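Here's a quick tour of one model, going from overall dimensions to a helix pair and then a pocket. Have the viewer open while you read.

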Amino acid sequence: MKNKILYRFKTGKWFWNIMKYAILILLAYQLLYPVLYMISASIKAPVDSYDPSVIWIPKHLSATGFIDAFKTMKYVDALWGSLQIGLGCAVLDVISCALAGYGFARYKFPGKNLFFACVILTLIVPTQTIILPYYMNMRYFDPAGIMSLLSAITGKEMAVNLVGKNLAFFIPSALGAGIRSGLYIYIFKQFFEGMSAALEESAYVDGSGPLKTFLYIMLPNARNAIVTVFLFSFVWHFNDYYLSKQLLGTTRRTLIVALSSLRVDLAAVIGGQTTTDPIRVQTRIQAGCLITILPMFLLYVVAQRKLADSIEHIGIK
């Protein structure tokens, strides 16, 4: 009887393990299917695209799709532009949002709750609703009315045009108003609130001021929050399409903007049979998608463990 119960227990355990792994495999397939399709479609030779016996694994390999997509997208220039915006904004977001989050976490001042509500509101209001004033502020950049004052004094229009320049992204990030900066301020606020106030009190007793305490005591202990915010900011700026399309104009492109216009650009750059054959066009587009997600894939491989540990330590759900 005992052996029979033990046998049923083991059989049931095996059954649930098989079901668990089957469900995980199905979910993984759903997530990986687009990537597998892109790889299969982009490495096929044209003859395989018309062969009904070729479904996933091509009989003839071809790198023409990657070469054409690389040339059409001006991949190196687009990647460099995306890296400049992503890295620059990530560093500025860490600095500005850490200061803002520390202020909300540790200091009391009039209107604190109202200001923090405005920070949260930035997560709710979509960028599309404020794009017109956003664009106009960058097109006619006038900090504190200085340019208007100079125009009145000199009698000439003194305007600074930031459209087409990285400063259109850097300035908002430096002021804590970049893409999803409200989330980064919230992350730092929650992290600093969880730190012991005894650290600051000890620093004040030793003669440190508020800024020195923040730089040498609080900020080094916020390493996990810094890593999380830096990676989030970099990925979101790197993958941004809407603002990049609006603020960089037609002279400069990020990878995402270059990919979005790949179908149209193929006709201008390559032309010929490639742009009249839908299968050949599709091959180039899939190749373009692959080389576009490649930097993010490499970043995930390098930083995924660090990101997972940082998110776990700062308590993001």
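The protein has a radius of gyration of 26 Å, whereas a compact globule of 317 residues would come in near 20 Å. That radius is taken over C-alpha atoms, and the globule rule is 2.2 Å times the number of residues to the power 0.38. Along the principal axes, the C-alpha atoms fill a box of roughly 80 × 75 × 30 Å.

Some housekeeping: this is a predicted model, with local features needing pLDDT of at least 70 and side-chain atom pairs pLDDT 80 or more, while totals for chains, interfaces and linings use all residues. Residues are numbered from 1 along each chain as its sequence is written, and side-chain values use heavy atoms, leaving out hydrogens and water.

On secondary structure, the protein has 17 helices and zero strands (DSSP runs numbered from the N terminus: H or I of at least four residues for helices, E of at least two for strands).

Now the helix pair. H5 (residues 112-124) packs on H9 (residues 181-193) at about 130°, with the axes 8 Å apart. That makes H5 oblique to H9 (under 35 degrees is roughly parallel, over 145 roughly antiparallel, 65 to 115 roughly perpendicular, and the rest oblique). H5 brings Phe116, Val119, Ile120, Thr122 and Leu123 to the contact, and H9 brings Gly182, Leu183, Ile185, Tyr186 and Lys189 (contact means heavy atoms within 4.5 Å).

Then there's the largest pocket, with 33 lining residues; Thr127, Ile130, Ala177, Gly178 and Ile179 lie nearest its centre. H5 gives the largest share of that lining, six residues.

Here are the two sets by class:

Note on methods: Axes are lines fitted to C-alpha atoms, for helices over the stretch in contact, and angles run from 0 to 180 degrees between N-to-C directions. On a 1 Å grid over the protein atoms alone, a cavity is a set of points where a 1.4 Å probe fits but cannot get out, and a pocket is an open set with protein on both sides within 12 Å along at least five of seven lines; lining residues have an atom within 4 Å of a point.
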